[in-house]
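Dear colleague,

I am handing over the structure we spoke of, and I would be glad if you could look through it alongside the notes that follow.

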Amino acid sequence: MSQKSLIAQCRHKASALIEARRFADGLAVLEHALCRAPDDLNLLEYYVDAARKAAESASTEDEILERLAALEAFMRGRIALVPFEALDRVLAWVAEIGRAREQKSVASNVSPEASALPPEVAAVAEGRFDRAPPSDTRDLRARIAALESARVLPSSAAIVEDIETALESAQMALAWDEIAPTLSNELARLSSRPPVVRAYLLQSIENSLRPFASKSDRLGPERSEGVCVLLQSLREASEALATETREAEARARWKGFREKYAAPIDTIEKWAEPWGHYPDGACQKILEQIRQVAAALQPLIPALGDTAAARDANDLAQRLQQQASRAVTAQQNRFDQFALDCMRAGYDACASYIGIIDKEKDLGDAMITHFGPLDPRQLGPEAQRAFSEIFEVLFQRLDKVSAGSDAEKRGTKLYVLKRIMETKRRTVSEF
């Protein structure tokens with residue numbers, strides 16, 4: 001059943017009870033409805049009219065005054081529950097009820113000094129009452145009515161101050177009894193609401209709890225414990241919403257990243273070491289794609305915080321690192337194998353110019369052709385050692401340097417070194 005339907009049924013039932021002059025039952029039904037809809041001003045106005053009719057139907061003047069005092073106390077308790085824009089209207093009702101009570105008191109010639117006060121009113125007026133609010137709501141209403149009546153009687157300043165303090169505590173306790181079920185129900189149903197609605201409701205609940213939390217010591221142990229329980233539930237719900245919001249934002253950012261880099265990520269994760277050892281740039285291409293994705297991923301990970309999306313991002317970063325390590329190793333192996341092939345072909349070519357009489361010019365030209373394109377600094381340890389050993393064997397067969405002009409003389413060591421340094425060299429990034 002919707003709240004609107006429930007309120008309508010309560011009004012209908014209360015109206016029937018009031019028509020049957022069962023005022024107490026009718027008002028109880030309306031109070032039940034107001035607990036579900038504390039900010040329904042039309043319902044509250046209907047309650048005020050019904051309560052005043054109930055007061056007017058009392059058989060004695062004292063009972064009329066008591067009912068009006070109870071109504072005024074009840075309305076004061078509604079002040080903390082209605083929206084700000086309705087505050088003036090509720091205060092006007094409270095003032096009107098107070099005037100009606102005072103006028104009735106004057107009209108019935110009830111003297112403040114009269115000795116025939118109701119016992120509970122007399123006890124309050126003399127300061128003989130328990131300051132802690134009663135735990136039962138009906139007793140609490142009676143306490144408020146007695147306090148309202150006693151506050152207008154002549155008493156000492158200390159007793160008046162006690163009465164005002166006790167009245168404020170009792171009104172606050174009554175307001176708590178009326179609003180606590182609504183707040184509990186709202187907190188219990190929060191998880192089924194959309195995040196935006198949840199955020200609004202949490203703020204509303206916090207605003208409602210704030211006045212009770214600041215003066216919970218005046219509500220009595222049981223109600224104070226209830227305030228603490230609701231505050232803890234509110235904190236837990238707020239933390240849960242904050243976590244859910246962070247997770248949702250992180251998921252959205254992570255989804256956007258995956259969609260933007262879907263193609264290169266798919267290529268990287270499916271990459272396998274290429275066959276052959278020719279300079280086709282296959283490893284370098286995948287390394288450049290990995291660096292591109294990793295550069296975009298690096299600032300995203302801390303922004304995702306401690307979320308499931310962050311864990312997925314870290315997993316991807318590890319996979320990228322693994323693929324990069326595989327690609328670097330494959331690239332170095334391909335370059336080294338290419339260099340070894342060049343060295344093998346170079347040695348075979350140079351060996352044909354070595355004999356009893358070496359052909360230093362042809363040997364030097366062959367060394368420049370086959371060894372010039374290789375950069376030994378970029379070779380792996382094994383390939384670098386092979387290069388050094390082969391190059392040294394062949395280099396020793398060249399003519400020694402006898403003059404500076406040998407740099408332009410074919411077949412000399414200086415000439416070969418100079419031409420090799422001038423040759424464009426292959427790099428590992430070509431593989």
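A residue is called buried here when its relative accessible area is under 20%, and by that cut-off buried residues make up 40% of the 431 residues in the protein. Please bear in mind that this is a predicted model. The protein has 16 helices and 0 strands, and it exposes about 23,700 Å², of which carbon and sulfur atoms supply 53%. Of the contacts between residues at least 6 apart in sequence, 68% join residues at least 24 apart.

Two helix pairs are described below.

Helix α1 (residues 3-19) and helix α2 (residues 23-36) have axes that come within 8 Å and cross at roughly 165°; because angles over 145 degrees count as roughly antiparallel, α1 is roughly antiparallel to α2. The crossing is left-handed, and the residues that meet include Leu6, Cys10 and Leu17 in α1, with Val29, Leu30 and Ala33 among those in α2. The residues of this contact divide into 10 nonpolar, 3 polar and 4 charged.

For helix α13 (residues 308-351) and helix α15 (residues 381-395), the axes come within 10 Å and cross at roughly 15°, and the two helices are therefore roughly parallel to each other. Their crossing is left-handed. Here Asp336, Leu340, Met343, Tyr347 and Cys350 in α13 meet Ala383, Ala386, Phe387, Ile390 and Leu394 in α15, a set that divides into 9 nonpolar, no polar and 1 charged.

Methods:
Residues numbered from 1 in each chain as written. Predicted model: local features only at pLDDT ≥ 70, side-chain atom pairs only at ≥ 80, totals over all residues. Heavy atoms only, no water. Helix = DSSP H or I, 4+ residues; strand = E, 2+ residues; numbered from the N terminus. Buried < 20%, exposed > 50% of the residue type's maximum accessible area, 1.4 Å probe, protein only. Contact = heavy atoms within 4.5 Å. Areas by Shrake-Rupley, 256 points an atom, 1.4 Å probe, with all protein chains shown as cover. Axes fitted to C-alpha atoms, helices over the stretch in contact; angles between N-to-C directions. Parallel < 35°, antiparallel > 145°, perpendicular 65-115°, else oblique. Left-handed = near helix turned anticlockwise from the far one by under 90°. Nonpolar A, V, L, I, M, F, W, Y, C, P; charged D, E, K, R; others polar.
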